[in-house]
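This report describes one protein chain and the surroundings of selected residues. The sequence and structure are shown below.

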Amino acid sequence: MAPGEGTKWEPPLKAPAIEIIDLESEDESANKGLNAAEDAKDRDASTDGSGSEDDNEDSLWEEVLNEDEDQAEIHGSDGACTLEEAQALRKRLRLVGEDRFIAETVEAGIITAKKLCTAFGIRPPFFLDGQPDDAFYPLLGLGICRELQKRVKLPQYNTIDDAVSLLNKSKNIIVLTGAGISTSLGIPDFRSKGTGLYSQLENLGLSDPQEVFDISLFREDPSIFYSVAKDILPSSTKFSPTHAFIRLLQDKGKLLTNFTQNIDNLEGHAGILPEKLIQCHGSFATATCIECKYKVDCQKIYYDLKAGKVARCDQCIRKIREVKPGFKRKRSSNGSTGARKKRQSYEDSTDDEDEDIAVAGVMKPDITFFGEDLPKRFHDRLIDHDRDKVDLVLVIGTSLKVAPVSEVVGVLPRDVPQMYISREPCSHVDFDIDMLGDCDTIVTELCRRVGWELQHEMVREDKVDVKLQDGYDSRYSFQIVQA
Ligand SMILES: [Zn+2]
């Protein structure tokens, strides 16, 4: 029986299915094998007319797909493919293409669609429990589509020696960094749960802590942001060995660009040149008036930030005061003397000042809020400058979950080697070499092997144990050997 035929099940999906069809519509002839997704769309269209329910279902499907699952856990669970099976199946899909792959597997009755989903990192969702197997076709179709869109790992780079030689020979390295490169300094990732900041936000009655970085809410009530700003304000200029490593790449003439998601500006303190540094989410280095766009060094509003007091724009205040005398004349146009005017304005001055300040524009630190565009330099640098030059990509200390920074690796030429350094593996990108563990430990060990001297007070002469992870050809764990 061909997939999608003779099923009574009404698939609960709409938007993702349409997406998949759009992607494949250029090649209609290819849509013969697994077209459950298309069937799903057709049936959906025929019974359409509702709306809100479908929307709920859509988000449910998206959730299933977007959940960043622990792959080891999926492959270890009952009825799932083992890691080895999953790797072999993915390889086979790329080799023979979608149609033949489906013919060889599900259509040949060798494996169920439910089980095959797990080969693509999809855990069968609870709402399909007990459903016939073709209920899993749409999900499988999406998983296959997602797999085929991924950049394919380059087969020639696998070992730590490969990593060392890439560092040695590359001349234009893009380094993509996230919160993980600052955690060794005790700087928490303020967007992750469990930090003091988040419980404080709960006290403020925010339903989603990210609201504090919502630009429309900031315009409405800047005091919310200012009440917590002191907790996310970088308190130190001390940088980590990983920052020093990026600086070392720059000193060796190998750093093309450091794209960082961090707003702590520690790259700047480590000496990364401004022209080589793109702070994708902005930084606390400067602040801008939301009304007149007057820009100041953040030091100028530092005390307001520390005190949790909304900082107002000096330029706006000055302008208001220039206009003010006119208003005053109007107010005292009953022929009062200049002397009286002066005295009156002197008496009123305290109130006036408060009033002036209250209507002046609010200063916003130049970190990028939700709903704001990323700095224009981000796109310009990436597309117009880096894309044709880059010869190695190093992703350090970020799980690449926040768009559009997460899209950087997808924009670059696919034959450029990509290496990953972080605590946790990143399952939605196939890097050529994964190095897992403490970032500082890994870059220190890499430098030792390349023969570079990484100077930093936190760098110690530890012996590091590097182990290939079970079931992988290019994923290593780095651990300091306890003496
Ligand atoms: Zn202003």
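Predicted model: local features only at pLDDT ≥ 70, side-chain atom pairs only at ≥ 80, totals over all residues.

Leaving aside residues up to four places away in sequence, Cys289 is in contact with Tyr294, Cys313, Cys316, Gly361, Val362 and Met363.

Cys292 is found in the loop between β4 and β5 (295–297). With 25% relative accessibility, Cys292 counts as partly exposed. The residues touched by Cys292, again not counting those up to four places away in sequence, are Cys313, Gln315 and Cys316.

## The zinc site

The zinc ion has four protein donors: the SG atoms of Cys289, Cys292, Cys313 and Cys316, which lie 2.2 to 2.3 Å from the ion. Along the chain, these donors follow the spacing C-x2-C-x20-C-x2-C. The site links distant parts of the chain, with Cys289 in strand β4 (residues 282–289) and Cys316 in helix α16 (residues 314–331), 27 residues apart. Cys316 has a relative accessible area of 13% and is therefore buried.

## Record annotation

The unreviewed UniProt entry carries the annotation "binding site" for Cys289, Cys292, Cys313 and Cys316. These residues are spread over 28 residues of sequence, yet they cluster in space, with a largest C-alpha distance of 8.5 Å.

## Helix α18

Helix α18 spans residues 376–386, and Phe378, Arg381, Leu382 and Asp386 are buried within this helix. Viewed down the axis of α18, the buried residues fall within an arc of 90 degrees, so they line one face of the helix. The face turned away from the buried side carries the exposed residues Lys376 and Asp384.

## The chain as a whole

The secondary structure of the chain consists of 20 helices and 11 strands. Of its 483 residues, 47% are buried. Among contacts between residues at least 6 apart in sequence, 70% join residues at least 24 apart. The chain has an accessible surface of about 24,700 Å², and carbon and sulfur atoms account for 48% of this surface.

How values were computed
Residues numbered from 1 in each chain as written. Heavy atoms only, no water. Helix = DSSP H or I, 4+ residues; strand = E, 2+ residues; numbered from the N terminus. Buried < 20%, exposed > 50% of the residue type's maximum accessible area, 1.4 Å probe, protein only. Contact = heavy atoms within 4.5 Å. Areas by Shrake-Rupley, 256 points an atom, 1.4 Å probe, with all protein chains shown as cover. Arc of directions from axis to C-beta. Donors = N, O, S within 2.8 Å, 3.2 Å for Na, K, Ca; no water. UniProt positions renumbered as here; feature names shortened; annotations may be inferred.
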